[in-house]
Protein chains: 2
Amino acid sequence: MRVAPPDNHLARHARLRAELSAASLDTLLVTSLPNIAYLTGLFASTAALIVGSNGLHLIVDGRYLGSAQLRQRDLPGMQIVLVPPAGSFEETVAGELLAASNGRAGFEADHLTVRQHQDLAGRLARSGATTHLEGTQGLVERLRAVKDDWELATLKDAATRLSDAAKCIIPKALAGMAEREVAGIIEAQLRRVGFDKPAFDTIVAAGPNSAVPHYRAGGRRLSEGDLVVMDFGGMLDGYAVDLTRTITVGRPRERERQLLEQVAAAQAAAFAAIGIGKAATAVDAAARRALEGAGLGDAFSHGTGHGLGLEIHERPRVGRWRADLADEALQAGMVFTLEPGAYLAGWGGARIEDDVVVTSGGAEWLTDVPRLL
Amino acid sequence: MRVAPPDNHLARHARLRAELSAASLDTLLVTSLPNIAYLTGLFASTAALIVGSNGLHLIVDGRYLGSAQLRQRDLPGMQIVLVPPAGSFEETVAGELLAASNGRAGFEADHLTVRQHQDLAGRLARSGATTHLEGTQGLVERLRAVKDDWELATLKDAATRLSDAAKCIIPKALAGMAEREVAGIIEAQLRRVGFDKPAFDTIVAAGPNSAVPHYRAGGRRLSEGDLVVMDFGGMLDGYAVDLTRTITVGRPRERERQLLEQVAAAQAAAFAAIGIGKAATAVDAAARRALEGAGLGDAFSHGTGHGLGLEIHERPRVGRWRADLADEALQAGMVFTLEPGAYLAGWGGARIEDDVVVTSGGAEWLTDVPRLL
């Protein structure tokens, strides 16, 4: 697995330290695993990271010691703290936080559970420390939303591989095959083009199942005339890409052909709405207006897209404007999906999804497969 | 996908209500998705459940309305609450909780984040309600640790399929194949025997990689003499099973053969330590003693096993005794893995894993594949 060069990591640390300083925090306890991967290049199932003014402290247990040491070669400013074999992870984290902070220590309020917070606060209080825990939201996630050069190169490489896989897979979905069987072919092809694993459970939804946006892949056999939604993605070097095509088995009838064209037009409208400084919700609104104009407003029951990166769903949220959720201004280097769909219960549905990057000229497609197949 | 019969769900509700009553709670807000699946049979990516004295309230958005209505046919005492299309999930949950509770409402402290808790507490306070939020731990998880008849039948069926897949796969791992390629064969076979999906990222670790317990599957080609750890599992009707075998490519040399026998002996010792009322940590201790006796104590760097069910890792924890973690007394109907291993850095490692159920007679194996291959 390739990881970003040391300079990229150091630049991420500098940007994060500027955020901490703006928030008057002397330290940040990072417990989100994708955030830890972003800052250190270590992908672990258990880890914590303390970012202080004088360095990074990466806390791991014995399973990840070797991998952490490899990362330390790239990032000599990062200290590794090993949880003792019979010791407690929570106790080690609390001890390191006490050593690193004597003022306001931030934690990630979206990632620490109530119990973990209570445990940590209890340990700090019992130690008599002056460290004060302060909830933060999205400090690292906001940095992650704008990809650096290495991340963009990785996502472009991944999107090209995903497009190649799609071109090879889609003609293989034939009448008589079970949805699950097609999903198996897709996942084998994802590995063949170099992905480490699928980015999520592959969706193959045929006939009436295509009208259920959260359907996965079941036992239905593809039948002549079926709409078939195929939604799949891959992880490459820790980064996720995502693509959907909807086909008809055999020649499309008029109604199916029209639906596919309407969804493709909504995607084109969303693409045209992208630009630096524009609102992410405006991109959603453009797709929604196009489908409403086609009488499919109610049939479009989800958001237009989601950010891609170390997680398959991350910032920016490209959905409906909502009073209780922050809108985001698009920035160059943001990468997200455009995936409008229309679902007619009991009959069928269609979704077309591609990945884009925001650029000074507006946007560029990362995936490259004909929209209508 | 099959789900447990209505009577099983009603019995789960009754057991949970007894727990709530013992904890003097009038209501429990369930936000863990596996816990919601256990209580309702609905598998959703976004949902909340309120268990009150006068019924269940299942909160879903439009994507899961159809699936929730299907579940309601089985469970007429369960009301469905739909999040309005442009509304907020959090607001809907808070409103329902206010309506259901006028006293002590429990929430799951291991699953609610600090931010979610703060948001919910803020909404309750602003409404002027008398509802008081009370953190709980493991109320539903403790019920889930003891499987009911339907769950045992499902896990036995799944374990039989996994054993069949293993017998067919393992002879296919041949010199010259890349680890990733073997992982692809395994995952295709999991689908072929009827699993909905792999239960986790398949591990195929060859040669020195076999000494890294958290390794996945990479580019190394299997070479004559390599130890190869293959760890894989499947999800069937929402339930996870898990199996590991370690083989040698070609005929095993003396050192590899001995290591495999020592690990198999540790697994047998763990199995013999299982019994109703015995401590879960005593099972771990038995495996650990066996490996220590063989001079491999330091080489066994993880716990002996973990519970299986709606999650691939759940209660009971079959690991080292630790002062800061509760020990669990084994009960009939608990299902877990036994997976001792020994890892010698730079050289290689071995792990052997099977699934067992605690019975009145001690324990029974659920998976059935020769341990030494």
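Helix 9 (residues 254-272) of chain B and helix 10 (residues 280-293) of chain B pack against each other in this predicted model. The crossing of helix 9 of chain B past helix 10 of chain B is right-handed. On the side of helix 9 of chain B, the contact is made by Q262(B), V263(B), A266(B), A269(B) and A270(B). Helix 10 of chain B contributes V283(B), A286(B), A287(B), A290(B) and L291(B). Sorted by class, the residues of this contact are nine nonpolar and one polar, with no charged residue.

Two packed helices are described by the angle between their axes and the distance between the axes. For helix 7 (residues 149-169) and helix 8 (residues 179-192) of chain B, the axes come within 9 Å and cross at roughly 140°. Helix 7 and helix 8 of chain B are therefore oblique to each other. Helix 7 of chain B passes helix 8 of chain B in a right-handed crossing. L162(B), A165(B), C168(B) and I169(B) of helix 7 of chain B meet I186(B), Q189(B) and L190(B) of helix 8 of chain B. The contact of helix 7 with helix 8 of chain B consists of six nonpolar residues and one polar residue, and no charged ones.

Next come the sheets. Strands of a sheet pair through backbone hydrogen bonds, either parallel or antiparallel. In chain B, six strands in the order 4-3-2-1-5-6 form an open sheet with mixed pairing. Strand 4 (78-82) and strand 6 (132-136) of chain B are the edge strands, each pairing on one side only. Direction ignored, neighbouring strands of this sheet are turned by 25° against each other on average. Strand 5 (residues 104-108) of chain B pairs with strand 6 of chain B in the parallel sense, over five bridges. Within that pairing, E108(B) has T136(B) in strand 6 of chain B as its bridge partner. Helix 2 (residues 33-40) of chain B packs on the sheet and touches strand 1 (27-30), strand 2 (48-52), strand 3 (55-60), strand 4 and strand 5 of chain B. The direction of helix 2 of chain B makes about 55° with that of strand 2 of chain B. Helix 3 (residues 65-74) of chain B also packs on the sheet, touching strand 3 and strand 4 of chain B. Its direction makes about 170° with that of strand 4 of chain B.

Chain A has an open sheet of six strands in the order 4-3-2-1-5-6, with mixed pairing. Strand 4 (78-82) and strand 6 (132-136) of chain A stand at the edges with a single partner strand each, so one side of each has no neighbour in the sheet. From one strand to the next, the twist averages 25°. Strand 3 (residues 55-60) and strand 4 of chain A pair in the parallel sense over five bridges, and V60(A) stands opposite L82(A) in strand 4 of chain A. Helix 5 (residues 114-127) of chain A packs on the sheet, where it touches strand 1, strand 5 and strand 6 of chain A. The direction of helix 5 of chain A makes about 155° with that of strand 6 of chain A. Helix 2 (residues 33-40) of chain A lies across strand 1 (27-30), strand 2 (48-52), strand 3, strand 4 and strand 5 (104-108) of chain A, at about 55° to strand 2 of chain A.

Further along chain A, strand 11 (residues 305-307) and strand 12 (residues 314-318) pair in the antiparallel sense over three bridges. They form a hairpin with six residues between them, and G305(A) stands opposite V318(A) in strand 12 of chain A. P316(A) lies in strand 12 of chain A, and the peptide bond joining R315(A) and P316(A) is cis, with omega about 0°. In chain B, the peptide bond from R315(B) to P316(B) is cis, with omega near 0°, and P316(B) lies in strand 12 (residues 314-318) of chain B.

Most residues other than glycine have a negative phi, and most peptide bonds are trans. D237(A), a residue other than glycine, has a positive phi near 50°. It sits in the loop between strand 9 (227-236) and strand 10 (239-248) of chain A.

Over all chains, the structure holds four aromatic pairs. One of them, F271(A) with W365(A), is stacked, at 4.3 Å centre to centre and 5° between the planes. This pair links distant parts of the chain, with F271(A) in helix 9 (residues 254-272) of chain A and W365(A) in strand 17 (residues 362-365) of chain A, 94 residues apart.

Conventions
Residues are numbered from 1 along each chain as its sequence is written. Chains are lettered from A and ligands numbered from 1 in the order in which they are written. This is a predicted model: local features need pLDDT of at least 70, side-chain atom pairs count only at pLDDT 80 or more; totals for chains, interfaces and linings use all residues. Side-chain values use heavy atoms; hydrogens and water are left out. Two strands pair if DSSP finds at least two bridges between them. Helices (H or I, at least four residues) and strands (E, at least two) are DSSP runs, numbered from the N terminus. Axes are lines fitted to C-alpha atoms, for helices over the stretch in contact, and angles run from 0 to 180 degrees between N-to-C directions. Contact means heavy atoms within 4.5 Å. Angles under 35 degrees count as roughly parallel, over 145 as roughly antiparallel, 65 to 115 as roughly perpendicular and the rest as oblique. A crossing is left-handed if the near helix is turned anticlockwise from the far one by less than a right angle, and right-handed if clockwise. Ala, Val, Leu, Ile, Met, Phe, Trp, Tyr, Cys and Pro count as nonpolar, Asp, Glu, Lys and Arg as charged, and the others, Gly among them, as polar. Rings of Phe, Tyr and Trp (its six-membered ring) pair if their centres lie within 6.5 Å; planes under 30 degrees apart count as stacked, over 60 as edge-to-face and the rest as tilted.
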